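User: I've got a structure open and a few quick questions. Can you walk me through some of it?
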Amino acid sequence: MNLSNMAFEGLFAYNTLVVMIGTAAVGFAAGMVGSLGVLRKRALVSDAAAHVTLAGVATVFALTGKRDLPVLLAGALCAAIVGVAVLVFLKRFTRTRDDAVTAIVLSVGFGAGIAIVAGMTARGVPGSAGLEHFLLGHTAALTSGDAALLAIVSVVSVSVVAMLFKEVSLIAFDQSFAAATGWPVAFLDYLLVVLVAVMVVVGLPAAGAVLVTALVVIPPVAARQWTDRLVVMLMVAGLIGMVSAVGGVALSAIVPRLATGPVIVLFAAVIFFVSCLVAPKRGLLARVARSLRSQGIADEHG
Amino acid sequence: MSMGELFSEVGPIHGWAMATAALVSVGAAAVGSMLVVRKMSLLGDAISHAVLPGIVVAVLAGGQPGGPLVILGAIVAALLTVWLTHVLRRGVGLAEDASTGVVFTTFFSIGVILLTSVASQVDLDPACVLYGILELVPFDTVTLYGCEIPRSFLNSLVVVGIVGLGLIVSWRLQVFVAFDLAGARAAGMPVALATIVLLLFTAMTVVAGFEAVGAILIVAMLVVPAAAAELLVHRMHHVVCMAVMLAVTGSIVGYLAAWHLNTNAAGMIAVVLGFEYALAVVFAPADGFVSDLMSVAWLRWRVACEDQLAMIWRFEESAGVRRVTPPKGLIDCVARQWLAVTGQIRSKNGQWRLDSYSRTKAESIVRSHRLWEAWLGRHADLPLDHLHPPAEFIEHHLGSRLLRQIEDDLGQERRDPHGSDIPPEQ
Amino acid sequence: MTASAAPPLIEFHDVTAAYGRRPVLWNVDLTISEPCLFGVVGPNGAGKSTLLKAALGLVPLVGGNVRLFGEPLRNVRKRVGYVPQRETVDWDFPVSVMDVVLMGTYSQVGWFRWPGRRERQLAKDCLERVGLADLARRQIGRLSGGQQQRVFLARALAQQADIYLLDEPMAGVDARSQEQILHVLSELRNAGKLVIVVHHDLRTVREWFDAVALIDRRLVAAGATHETLSRENVQRTYSGVVDILDEVGHAVERRSRTS
Amino acid sequence: MSFGYSKISKCSVFRLILSFSLVFAWWEPNAARGVERPNVVATTTVVADLVHQIAGNRVEIDCLMGPGIDPHSFKATPRDADRLARADIVFASGLHLEGKLSVLLDRLARRTQVVQVTDSLPKEKLIRVTKSLYDPHVWFDPILWSECTKKVVVSLGRIDPSGSTQFADMGADYCQRLETLDQQIREKLSTIDPTHKVIVTSHDAFRYFGRAYGIEVVGIQGTSTESETGLHDINRLVDLVVTRRIPAVFVETSVADRNMTALREGAQSRGHVVRLGGRLYSDALGAPGTGAETLEGALRANVDVIVSGLTGEN
């Protein structure tokens, strides 16, 4: 009785609600934006963008000496946009493969960030140590301001996706047709990765690099199991992202000492694995059933 | 100061640190070349996150930081990651990057949850348990035959030795599988074995790399030198050698730069490796931007000079009927001046003349022009007046072997479609 | 006829097209003034697809130019329909047959706006014409090869173009689909459109196409099918004497890089 | 020849050449300096202060992690290796405060003297966190910390025998000062309303402080600063703060303060305004000139912040 009472209270506490709103907004938007990213085979651009932000954060700190969140966020955003620009540039104009380009941007960007931070620390610049914690999540510590920012960016990203859905899905599906009919493929391509980068940067202080990457990748691939329609996939991905966020937040509000961000990721992962098992057409069970049935028919006829 | 004093207490600190970085980078670059070719570059990053649950479990089971149990836990977690990624790709049909993304984020989250809930009372900073500090590697030594050798260096030596030997033994198989998976399978090669061995090597290298030089650096060491080497050279064993060279120089230059700038060596080495890659992008002999620009510029210059020579040759051939027109653009103007200054053409009574050397050159250009016109006229459905422009373009590109081939193809024909004689080969 | 007054429908003027630096299609000079069913025929690797891509600005031209309706491509892009090769897309992509056909209307719909009722009706009609109306909601990967090709054709129809460029629409396609596609193409021709089809099967050329271009890295011959498709021309197309062109192409690539 | 280390920074061209030559150079810790003072490397500012209080200017103290640097986010540079290599003796805090470095220090002990100052403390006086691990933040209990002086005095005496009496005197003197400080702290803290004697802060660095002065200490994060927080813990803290009407919470100099912001917002939503009591020094002391560059100064500053926060002087 007492236990359930406490759990109940925890679920409706102010902080729980704030965190739930913030992460649900990010979960929904990341699911939608991520769907297009995953279909364009750009799933891990988010990971690269997240790591590159450290260089921006460090540079901005070195220039201004301020550790205020808006200043650092601005630096992170610049770095992420430059990072994905380099990424798109290298993909277009060099022979290096996509995944290698992602890994290069990720590791070199992060290394540069660490070098700048360590350089400042070694020179005794106060406040410079631990800037890389910017990449770690503080999901449980979202404030109403954070949640509002996340909600706004999520609304903006969802509207951009809604506006450019037609164009982006076209280049994702059939690039040569898109080019032949006169759509600016390179521009749209860049727009998509910038959208992902913005998502990542805004989500970083709240969710951390790994959670953002997870929210951009896992809900879309889970949603893909359930549907063959793109619009539906985007919606389902957004929904899965949202459900994971709400579920993870609720669970971490009930059970003590359960880090919120990782629980959200685990929720999404569980949804993904369940989807792989029981999805109506593509799921493992459905496929097994199909093969059994066709075997049965073959037996009857044989 | 005597030699005894010189060698007394402190070893060559930075030398050992650099040697360790270089050694790890050799293994990483070799394995990384394979990974890059097989589009598995992101595995390093994935493993660097995904080992966390393995470490936590190992520590909970009583493993000591840097001890064998922790390393074993990390390797097991790394192999699990790799295996699950593979299953998702094959079984569910996910793309490589998506399956990697799903697995490593999930693993990392499991690790953090274990850390905060089960192990929250342990002051278990994953960074302390596994990730080495390159700069301080030389202080952690073991004595071997009376020599103080850093433990990480020895560990890396063992791992790099195993990996290097394994790669050399399975070299042909690995290369075949990397370039033509379907073909290798069709040829009945043990493709699965090759893949498993490669992934095992990757896991070993990455974990050993963490332990020696830290997580930031190993991801860079795996991919960046290999990708740069791929831009510079083309054959697989050249790629591996080049990648190893780039990795080693990157390690040493990066460490020195870190010393000079007083900053973290791992971060700086990653930056230097990135710089090497950028240099490769810009200056690669075949595909680099600079060589592209240079070759285009050089081609334009050569074309301009050759056009001048050919024009004067035609003037001489026609015994003055055709005119030597004044140069049109700047480059033509400079080209003619250059030819005049170097004595290849001379002005005599207001008429331009070729010397014997440049006459040979001019003749071969005209020969190439007319041969091409004749050949094109025979083989392509083109009106007579459309033959000249393509020949103007091609005349600068045909070598003597090709010209002979074209001549053979034309048989007895010794005139171009406009009726001019084709000069014979010199 | 009126051809003298109107500019030719499509005009390749001395087109040399390259992949990277290596020319793969040499000096094609081809003008088509009248609506017809036009076949582009040649052996594998002859540069047939490259010819279409050159017309669409998808490969760089080393020399020459292409004009459509007497104008450069960018002015008349909306009047050109395109059916790419089937291998170029990810068939596992989560779109239905209807969605794909609607893509044909996107360039008319323009930025930011969604296809409306009119476009949906158009797409439905196009699907009807290729005989796939009943499969409109199916995911595109669950169709047979021939059906997929017909979906692509329907998408091109939805572009409502005046010139249609089809890249190997008959490759790996069942007989029923072939018939259907051919039927639609002749309908288009009868409606006064120019239909250019890249084709690799010599046996069917004579009965299907009004005019052909024989291509093997250069234009061998072009004109009305019965005149052009002579034994001699075919031999010249398929004899491979022009393997020399490949070598020249490589020479151009090499010379412009390293010399 | 011998280089004065401080001269190196003067000329950058010289520095560049040197950076290459240093790679292959072998150091001798003593002969390499013109100055005769022994070279002491301390890991954290707290340890550096302890050594400084005992040795004064008889030794040259070099602190690896400067003011405001959380030992958990320490990134080494090649120069740190130089510093360790040139050290005559290395003082560390011990009890795994230095993370990865702790392991290395154990190994370093084979070539240089390494003194982990908290090692000498009897285990029963320490706060046990798990089976084998103890809370390392001993210095927040001045009396317990003063017990570490003995070990420092002995170790310093070994490398500078001529100064050993001076070290012993200064050590005793320092212990006395810490005792006085302890009394002062007790007096100051007694002004706080007993129900408000709770320090809510972002990580569990103040357990010894709490034990010594009878103050409840609640941290959101564990002892380590890297792990993420669960929502349940935040809610629990909000509950605690609101039900006990705690007037202020505290953040630390070296740790991110997001959790505290969220906590205050949560309390505010339930009608209880919590002030940000101010910054407490935890793993690192203040920069020179702040008055908190010594442990005594930092403890006084902390106590002032705590008292003014918890007595509700608005």
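User: Which residue of β9(C) is the bridge partner of Ala211(C)?
Analyst: The partner of Ala211(C) is Ala224(C). This is a predicted model, where local features need pLDDT of at least 70, side-chain atom pairs count only at pLDDT 80 or more, and totals for chains, interfaces and linings use all residues. Residues are numbered from 1 along each chain as its sequence is written, with chains lettered from A and ligands numbered from 1 in the order in which they are written.

User: How many bridges join β8 to β9 in chain C?
Analyst: 5 bridges join β8 (residues 211–215) to β9 (residues 219–224), and the two strands run antiparallel. Strands are DSSP runs of E, at least two residues, and helices are runs of H or I, at least four, numbered from the N terminus. Two strands pair if DSSP finds at least two bridges between them.

User: What do β8(C) and β9(C) form?
Analyst: A hairpin, with 3 residues between the strands. In the turn, Arg217(C) has a positive phi of about 65°.

User: New topic. What is the strand order in the open sheet of chain C?
Analyst: The order is β2-β1-β4, with antiparallel pairing. β2 (22–32) and β4 (61–68) of chain C stand at the edges with a single partner strand each, so one side of each has no neighbour in the sheet.

User: How many bridges join β1(C) to β4(C)?
Analyst: 6 bridges, and β1 covers residues 10–19 of chain C. Within this pair, Thr16(C) stands opposite Gly63(C) of β4(C).

User: Which strands does helix α1 of chain C touch?
Analyst: Helix α1 (residues 48–55) packs on the sheet and touches β1, β2 and β4 of chain C. Its direction makes about 70° with that of β2(C). Contact means C-beta atoms, placed from the backbone, within 7 Å.

User: Over to chain D. At what angle do α2 and α7 pack?
Analyst: α2 (residues 45–55) and α7 (residues 164–189) of chain D pack at about 120°, with their axes 7 Å apart. Axes are lines fitted to C-alpha atoms, for helices over the stretch in contact, and angles run from 0 to 180 degrees between N-to-C directions. That makes α2(D) oblique to α7(D). Under 35 degrees counts as roughly parallel, over 145 as roughly antiparallel, 65 to 115 as roughly perpendicular and the rest as oblique.

User: Which residues make that contact?
Analyst: α2(D) gives Gln53(D), Ile54(D) and Ala55(D), while α7(D) gives Phe167(D), Met170(D), Gly171(D) and Tyr174(D).

Terms used
Contact = placed C-beta atoms within 7 Å.
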